[in-house]
Every structure is written in structure tokens, then in C-alpha cells.
Amino acid sequence: MTRKRVVVIEGEDAAPEAVRPSVALLERLGLDIEWIHPPVGQRGIDACGSAFPDAARAAIDASDATLFGATSGRSVAALLYLRWGKKTYANLRPARYLAGYRSPLARPEGVDLAIVRENLEDLYVGVEGDLETLAALRLESATARRPIADLAPGRFALKVISEAGTDRVARFAFELARRRARRGRPGRVTCATKHNMLPRSDGLFRERVSAMARGYPDVAFESFIVDDFAQRLVTEPQRFDVVVLPNLYGDILSDLAGGVIGGLGVAPSGCYGDGYAYFESAHGTAPDLAGQNAINPTATLLSAALLLEYLGFEAAAQRLSGAIERVYAEGRVRTRDQGGNASTTDFCAAVERQLG
Ligand code: IPM
Ligand code: MN
């Protein structure tokens with residue numbers, strides 16, 4: 001296997017405190033990976049007068065993947081490039097309960113689902129405007145049956161669901177379900193949309209995912225209205241395997257899924273395109289924890305395990321997630337969000353001891 005190149009972008013506030021000891025731990029796994037630290041965010045501004053200098057962009061282009069902390073603003077240009085520039089259209093957010101996680105559920109055992117969020121379209125195309133500008137289009141509200149411009153003054157946002165954009169994320173979800181299938185437990189894909197109110201846009205998403213299902217007869221398929229799905233995610237999370245969602249619902253419900261198993265401190269994330277992927281915890285920068293060596297690095301470490309898997313280091317990925325699993329099962333070293341008082345670096349040291 002040729003040497004892999006991974007860009008590290010630490011991000012802001014408490015995020016670097018999770019990323020640094022995680023990368024140090026990964027370095028000790030002895031894998032053929034070159035870690036590249038281009039100046040981004042404040043470091044980019046200090047070194048080159050830009051939060052996302054051309055050199056950082058070139059480093060990403062020359063790499064196999066990026067490990068990203070989290071951003072509260074300074075590193076946002078890099079994040080936009082990793083998402084829309086590198087076309088990482090499928091955001092995988094696994095929610096697997098591990099014994100020892102502080103879950104609010106009475107019986108969280110067996111929760112093992114993976115949200116696949118469409119990552120580039122929907123309301124995130126970022127087209128907003130003034131209602132007055134819609135007058136010329138003579139758009140009529142399907143519910144109020146009045147010209148939409150009559151609601152002015154006010155604003156609108158555009159929700160875009162494309163055929164190709166839906167097909168590629170649907171294919172990703174079904175391929176994942178196939179890989180996750182175990183003997184005696186076939187893969188299952190669940191789709192959730194608001195197709196009753198949005199029969200054309202969300203209706204299209206649902207139709208394309210349903211059509212994709214026909215090409216995967218070995219994978220079970222079901223579809224829910226998204227509000228009904230939200231309550232099922234809390235009341236019967238064990239029934240779900242792979243869940244494919246349009247961007248906004250996926251953003252919101254993946255945080256909910258994290259909350260169900262033990263909080264955002266343990267919620268990893270990976271964003272995959274056809275030729276590139278980047279990995280980032282689902283949580284934000286936790287500014288309240290900045291400078292305290294207190295952020296839970298589990299989300300970053302589990303995202304790093306997804307990164308290792310993506311790069312083809314499956315055994316190392318298993319070794320890392322197995323070590324994390326054992327730290328939680330033992331329950332002696334827990335960060336504050338999990339009811340303990342271990343520091344970030346204490347937790348990483350405990351994981352390192354469990355690597356075996
Ligand atoms: C996430 C975050 C981002 C998003 C923000 C920071 C743009 O909430 O990765 O889930 O909305 O996608
Ligand atoms: Mn989010």
C-alpha cells in the first residue's frame with residue numbers, strides 16, 4: 001500500500017484540544033500516513049494573511065483525506081471547500097451505543113444505526129431573497145392559494161432536490177447497508193421525508209430512493225414521514241440500520257441520534273465524495289470548554305476510525321474503536337459530559353493503554 005497523506009485542520013475554540021491528542025495517538029499506531037498541517041483559520045491569517053490560503057487548498061487537493069476539528073467561523077472557508085469544492089455529497093453519521101455511554105434512554109442497548117445525510121443540496125444551496133423579488137414569477141402558495149408575493153415584506157429560502165444529487169446519496173446508503181448486513185440480519189435502508197407537504201421536492205427524494213431500492217433486493221427498504229420518523233428515532237431506535245435523509249432533516253436528526261446514544265461528545269461523522277472524504281466530529285467547537293483540556297475526544301477518535309477505514313487501514317480502525325469500547329465498558333475514565341472528571345488527555349491515554 002502506498003503512503004497516505006492526511007491533512008489536519010484543527011479548527012477553533014476547544015476543537016484543537018480534541019484533535020491534537022487524537023492525532024498524536026494515531027501517529028503512535030505506526031501506519032504509513034503522512035500528517036500535513038497547512039495553516040488554516042487564525043494560523044493562516046497570521047502566516048499568509050488569509051484564513052484559507054491557496055497553499056492549504058493545494059495541500060487538500062494533494063491529500064487522500066482531511067481530519068477536521070470543528071469551526072466557529074475562522075476555518076469556515078476550508079470547510080466549505082471540503083464540502084462543496086470536493087463534492088463530499090454523503091455525510092455518514094453513525095450512532096452506535098457503547099456500554100458506558102451516558103444515554104438518556106432507559107434501554108439504549110442495541111442502538112446501532114447510521115444516518116446518511118445528503119450533504120450538498122436542499123436548503124443548503126444557500127439561495128435566499130426578498131419575497132418582493134418573487135412577484136414577477138407569479139408563484140402561488142399551494143396551501144394558502146394566494147400569490148406568495150402577497151406575504152411581503154419578508155424573505156424566502158430555496159430548497160433544491162436534484163435527481164442526480166439524490167441518486168448518488170441513495171446509492172451510497174444502499175451500498176453501506178449491504179456492507180453492514182450480517183448473517184441473520186439483512187441490511188435495511190429507511191428514508192424519511194415530508195412528502196405529504198412537499199410532494200414535488202421531498203416527493204422526488206423519496207421516489208428516487210425507492211427506485212434505487214429496487215436495484216438492491218437483498219436490502220430491506222421502508223419510508224416514513226419525517227416527523228413520525230423523529231419520534232420513532234427516540235422510541236424505537238433499535239429498529240433502524242441505515243437512514244437516508246435530505247440535508248436539513250439529516251443535520252437535525254443526526255444530532256438527535258447522537259443525543260439518543262450519549263450526546264454529541266460521542267457522535268462521529270465522515271463526509272464522502274467520489275474521490276475524496278473528510279472526517280469531523282458532529283459537534284461544534286464547544287467554546288465553553290476551550291482551554292480546559294475537558295472536551296470529550298471520543299467523537300474525534302471515532303471519526304478518525306472512519307478515516308482509517310476509508311484509507312484501507314481496517315485493522316487499525318478496529319483496534320482503535322475496540323480500545324474506545326473497552327474504556328467505556330470499564331467506566332473508570334470518563335469525561336465530564338459522560339458524568340466523570342477525566343481530562344481530554346486522560347481519556348486519550350486510557351484509549352492508548354487499551355490498544356494492546
Ligand atoms: C454540521 C454543522 C454544519 C452544518 C454547520 C457548521 C455549517 O451543523 O456539520 O452538522 O449545518 O452542516
Ligand atoms: Mn449540524
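This is a predicted model: local features need pLDDT of at least 70, side-chain atom pairs count only at pLDDT 80 or more; totals for chains, interfaces and linings use all residues.
**Exercise 1. Aromatic pairs**

Find how many aromatic pairs the structure holds, then state the geometry of Phe174 with Tyr216 and of Tyr272 with Tyr310.

Solution. 
- Step 1. Rings of Phe, Tyr and Trp (its six-membered ring) pair when their centres lie within 6.5 Å; planes under 30 degrees apart are stacked, over 60 edge-to-face, and the rest tilted.
- Step 2. The search of the whole structure returns 12 aromatic pairs.
- Step 3. For Phe174 and Tyr216 the ring centres are 5.1 Å apart and the planes stand at 20°, so this pair is stacked.
- Step 4. Helices (H or I, at least four residues) and strands (E, at least two) are DSSP runs, numbered from the N terminus.
- Step 5. Both Phe174 and Tyr216 are buried.
- Step 6. For Tyr272 and Tyr310 the centres are 5.8 Å apart with planes at 70°, so this pair is edge-to-face.
- Step 7. One aromatic cluster is made up of Tyr97, Tyr101, Tyr328 and Phe347.

**Exercise 2. Salt bridges**

Give the number of salt bridges, then describe where the partners of Arg20, Arg117 and Arg232 lie.

Solution. 
- Step 1. Side chains of opposite charge can pair when their charged atoms come close. A salt bridge here is a side-chain nitrogen of Lys or Arg within 4 Å of a carboxyl oxygen of Asp or Glu.
- Step 2. The structure has 24 of them.
- Step 3. Arg20 pairs with Glu10, with 3.0 Å between the closest N and O atoms. Arg20 sits in helix 1 (residues 15-27) and Glu10 in strand 1 (residues 4-11), so the bridge ties together parts that are 10 residues apart in sequence.
- Step 4. Arg20 is partly exposed at 49% relative accessible area, whereas Glu10 is buried at 18%.
- Step 5. Arg117 meets Asp251 at 3.6 Å, N to O. This bridge joins strand 5, which holds Arg117, to helix 8 (residues 247-261), which holds Asp251, 134 residues apart.
- Step 6. Arg117 is buried, with a relative accessible area of 2%, and Asp251 is partly exposed at 25%.
- Step 7. Arg232 meets Asp228 at 3.1 Å, N to O. Both residues are in helix 7 (residues 226-235), four residues apart, about one turn of the helix.
- Step 8. Shared partners join Arg188, Glu222, Asp228, Arg232, Glu236 and Arg239 into one network of salt bridges.

**Exercise 3. Pockets and domains**

State between which domains the largest pocket lies, and which domains each give at least three residues to the lining of the second largest pocket.

Solution. 
- Step 1. The domain assignment (automatic or from a database) gives domain 1 (1-92 + 267-356), domain 2 (103-122 + 160-261) and domain 3 (126-158).
- Step 2. A pocket is an open set of points on a 1 Å grid where a 1.4 Å probe fits, with protein on both sides within 12 Å along at least five of seven lines; lining residues have an atom within 4 Å of a point.
- Step 3. The largest pocket is lined by 32 residues, with Pro94, Leu176, Arg180, Leu306 and Glu309 nearest its centre. Helix 10 supplies the largest share of this lining, six residues.
- Step 4. Domain 1 and domain 2 both contribute to the lining, so the largest pocket lies between them.
- Step 5. The second largest pocket has 19 lining residues, and Ala157, Lys159, Met197, Leu198 and Ser201 are the closest to its centre.
- Step 6. Domain 2 and domain 3 each give at least three residues to that lining. The C-alpha centres of these two domains are 31 Å apart.

Terms used. Residues are numbered from 1 along each chain as its sequence is written. Chains are lettered from A and ligands numbered from 1 in the order in which they are written. Side-chain values use heavy atoms; hydrogens and water are left out. Buried means under 20% relative accessible area, exposed over 50%, partly exposed in between (1.4 Å probe, protein chains only).
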